[in-house]
Amino acid sequence: MNLTRDASPEVIAAALRHLYPGHLTAADYLDRIRDPDPAFVGTAFFLRNEAPAQLDDSTITEAAKWAGRALRAGDAQSTSPGLALAVLARAVTLNEDTPALDLVPVIGDGLLGLADDEDRLHSSALQTPLEDLAQALDNCPQSRHLLARHILQHAEEDPFYIVLAGIPGGSFLPGADLLYWMDHWDQLTAINPARAKQAVRFAPPEDPETKARADAARRAHPGLAEATAFWEAYQRDQQERAARAEAQRQQQRFDPAALNTAIDEVLAARGPSVLTAWNTLLNCLQRTPDGSPARHTGGPSTFADRAPSHPATGTEPSRRLSQAATHLLNELPPLTTANFRPGTTDRPPSAELTAFALVDDPAALHASPAHWAGWAVTLAKNTAYDDDERQLQRTWMPLCVERAEGQLPPLLLDTLDHATSHTLRDLVKALERDPSHRLRTTLSTWAQHSDRSPEQWYAVLEELAAAGDPDALGHLTDALDTDPRGHEPGSPPRQRWLFAASTLLRHDILPDHWPTLRRGLGDPTVLNEYGDLLTGLSTGPDSWPFDHLDEDALADLYTLLLEDVGVDRLQRPLRSGFIQEEDRLVDLLRHLPLSLASCRTHHAAAALHRLAQAYPQVWQLRTLARDTARTAADHTVRPLEPEQLIRLATDHQTRLVRDAHQLLDLVRESLATMEEDLQGYNGTAVTLWNRNQHRFTSSTQCWPCWEDDLSDAVASFLRRDIGGHRVVVNREVQVRRDGLPGLRTDVQIEAPASPDSGQHTLRVIIEAKGCWNPELPTTARTQLRAYLSEPDTAGLLLVGYFNCTRWSTKKRSCPATNHDIDDVRREQHEQVRQLTHEGTLLAAAHVLDCRLPSEDSDWRKTADESA
């Protein structure tokens, strides 16, 4: 039962599914349900939606009373107001089916309790539950009529109007009930004469039969006629509006003759008068066959091409329209820098922009280089909103750039100098649609000039890099060489570093530069500024940021941002209907674990598990870690062959090895068997010791074998015990002593995957040391650690523990202190714990007991003693 008071809605929901209805009343059950996390669809989400449907005739009265108490209590309780409204909607439905339940008073009192808190009533969190309640009332006319009578009779003035406005469509007094209340006008006025007119506040019906019944009721009830006196004025107003609209439609009807005349006027115009004729032509194209207003979707470059009365392609009017557009472009003077500067009094290039899409063959145009240069800048400055507009740029831009010759760079540079960051991006995107990319150098050189602001530098280089310019990407990465911690906030070098760091999130070279980014983000002020930039990143399903980072970097970035934002802010749901900048950063932060889980690897599951342990308040991390581990297991598991399954079922010594952890367990189990062999009766430990004579006597001196000999003995035993397919059914275990390239390893155990499986080879690297080795306290960190960067690799620190009362220290020194076997075990296990505490590395320690038997063992008795 304590689980129903847990901080996590998911834990509560899971517990409640086992407790209701057998162990909780309906009120207790509903009282414990919590609203789900808005960013997670899990058990709590489904329970919150399923709970109202679980209520029936035997429990709905108790539940409806609970809902009324919950709505009146407001924020004083932690219960869900949305759930309370859902329970009332369920009560409306059941009352309609079983009127004997008499739930209307309880439902009405609950809604009036909600009216005490207008802010909560109109909050975004209650809009969906209120819409569901309105739908239930729409489907239950009998209960709706009874509820309206109850609220009219018992509500005070303010709560009545608050509830009427709060339920979408005024659903307990909707327009659908207009005729019903007109037929029952006397009953309505007897309940509350002042509020009765709210039931007939709607426009007069248009259906003739319904209108006839309404007029008869108005004649029968003078009070009703007075309450609906506005109908006559409404009808007159509607008639006048309809007449004006019809007259306007007649004026706006398309006239083919007027279009032909307008085209003729454009073709005959010269000089500035061509603009007046062109505007008249555009107005003709915007007219519709029925005179209704034209609706244009898109930018100005398609204004004429998508006009409702644009002639069909291939027709004579279409050909003449193309001639008119060509004439306009040839007749207008070339555009200059003054036409493009903000706030200029010169003519903007809007006429040219509407004409481009109408020209059938742009290559056939005969114009001066100055004309082509102006058209290039005009097209580049225009934001392309859809594929048609982008295709228009792709068609015209190569021609404009090629034919403008030397006229384009001066005009372009002046335009860049006066452009906003948004316009700069449009310019670069459009100019990059020229396949020759001949303007890249001009744009890049302009961006890197010392006079450019960081925002200008960033806008141009980011767009060039996005278009595949390697030089621009190189300039951005060069900016990362600056240490942002050494510059003041807002300084150009620091701003460029921040901009470059955010740009790299979209490029596959990000992992190469992550260490540099990580060092800079270690400064809290830099991290805070970086977070502000990240709020502009999109987290849609087709544009996830950070996809190029590996699991460790994703977890690291999540930790950095969460420490900056705070767990409380992350867990706080949206309370208003508006997305703030800080909400975007929180949304991005919530995405990072999802991006990590999308890796679907055991490494990602381990990273999520570490995060869940570090931040137990963020319960979603536990769920994601568990789900990712299952997904990774499903992804890596391969079905067994029947023969393998039979071996596992019939031979208890066989094993299934699917990851490095399981291979490490197998090796440790084999070493335990080796230790039994060493220390058993007639044990083989003596083979690991040297002595100064072939028989043991009172003067015999002993000293341990070399470490290489120990490694050979271990490798030989493992090869005999688990090598090949002796134990592992799904892989062949190989025990090697040849080491890794560039690194010497004592023993290497490999379990290669099948060639067609797509899986990695599993490895366990054994670093073997004698207990006398002075490097023993640091071996895990200084030697074993080097092998563990490879995927699917585990490490094993193996210490051979040698001890004997006749140890000759002249041959092999022995530690003077901490030489007890338990002390050595504790020391080595602590070494490995420190190495693996972050969960990213897999390693273990094993102390192999190589001691000689005690003095009183039978085989240790000397020859003279036995005589």
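This is a predicted model: local features need pLDDT of at least 70, side-chain atom pairs count only at pLDDT 80 or more; totals for chains, interfaces and linings use all residues.
Residues are numbered from 1 along each chain as its sequence is written, and side-chain values use heavy atoms, with hydrogens and water left out. The helix and strand labels are DSSP runs numbered from the N terminus, H or I of at least four residues for helices and E of at least two for strands.

Let's begin with a cis peptide bond, which links Tyr20 to Pro21 with omega at about 10°. Pro21 sits in the loop between helix H1 (9-19) and helix H2 (26-32).

Further along comes a helix pair. Helix H5 (residues 81-97) and helix H9 (residues 141-154) have axes that come within 8 Å and cross at roughly 110°. Where do H5 and H9 meet? Val92, Asn95 and Glu96 in H5 meet Pro141, Gln142 and Ser143 in H9, with contact meaning heavy atoms within 4.5 Å. By class, that contact has two nonpolar, three polar and one charged residues. (Ala, Val, Leu, Ile, Met, Phe, Trp, Tyr, Cys and Pro count as nonpolar, Asp, Glu, Lys and Arg as charged, and the others, Gly among them, as polar.)

Between H5 and H6 there is a loop that holds Asp102. Asp102 has a positive phi, near 50°, in a residue other than glycine. Helix H6 (residues 104-114) contains Gly113. Is Gly113 buried or exposed? Gly113 is buried, at a relative accessible area of 5%; buried means under 20% relative accessible area, exposed over 50%, and partly exposed in between, using a 1.4 Å probe and protein chains only. Leaving aside neighbours within four places in sequence, Gly113 is in contact with Leu71 and Arg72.

Next up is another helix pair. The axes of helix H18 (residues 273-285) and helix H19 (residues 316-331) come within 11 Å and cross at roughly 150°. That makes H18 roughly antiparallel to H19, and the crossing is left-handed. Val274, Trp278, Leu281 and Leu285 on the H18 side meet Leu321, Ala324, Ala325, His327, Leu328 and Glu331 in H19. By class, this contact has eight nonpolar, one polar and one charged residues.

Another positive phi turns up at His437, about 55° although it is not a glycine. His437 is in the loop between helix H24 (421-431) and helix H25 (440-447), and is partly exposed, with a relative accessible area of 29%.

Now for the sheet. It is open, with five strands in the order E3-E4-E5-E6-E7 and mixed pairing; two strands pair if DSSP finds at least two bridges between them. Strand E3 (734-736) and E7 stand at the edges with a single partner strand each, so one side of each is left without a neighbour in the sheet. From one strand to the next, the twist averages 20°.

Strand E5 (residues 762-770) and E6 run parallel, joined by eight bridges, and Val764 has Ala794 in E6 as its bridge partner. Strand E6 (residues 793-801) also pairs with E7 in the parallel sense, over seven bridges, and here Leu797 stands opposite Ala845 in E7.

How many residues of strand E7 (residues 843-849) are buried? Seven of the seven are, so E7 is largely enclosed by the rest of the structure. In a regular strand the side chains alternate between the two faces of the sheet. Ala843, Ala845, Val847 and Asp849 point one way from E7, while Ala844, His846 and Leu848 point the other way.

Helix H38 (residues 707-722) lies across E3, strand E4 (747-751), E5, E6 and E7, at about 145° to E5. Helix H40 (residues 821-836) lies across E6 and E7, running at about 165° to E7.

Conventions
Axes are lines fitted to C-alpha atoms, for helices over the stretch in contact, and angles run from 0 to 180 degrees between N-to-C directions. Angles under 35 degrees count as roughly parallel, over 145 as roughly antiparallel, 65 to 115 as roughly perpendicular and the rest as oblique. A crossing is left-handed if the near helix is turned anticlockwise from the far one by less than a right angle, and right-handed if clockwise.
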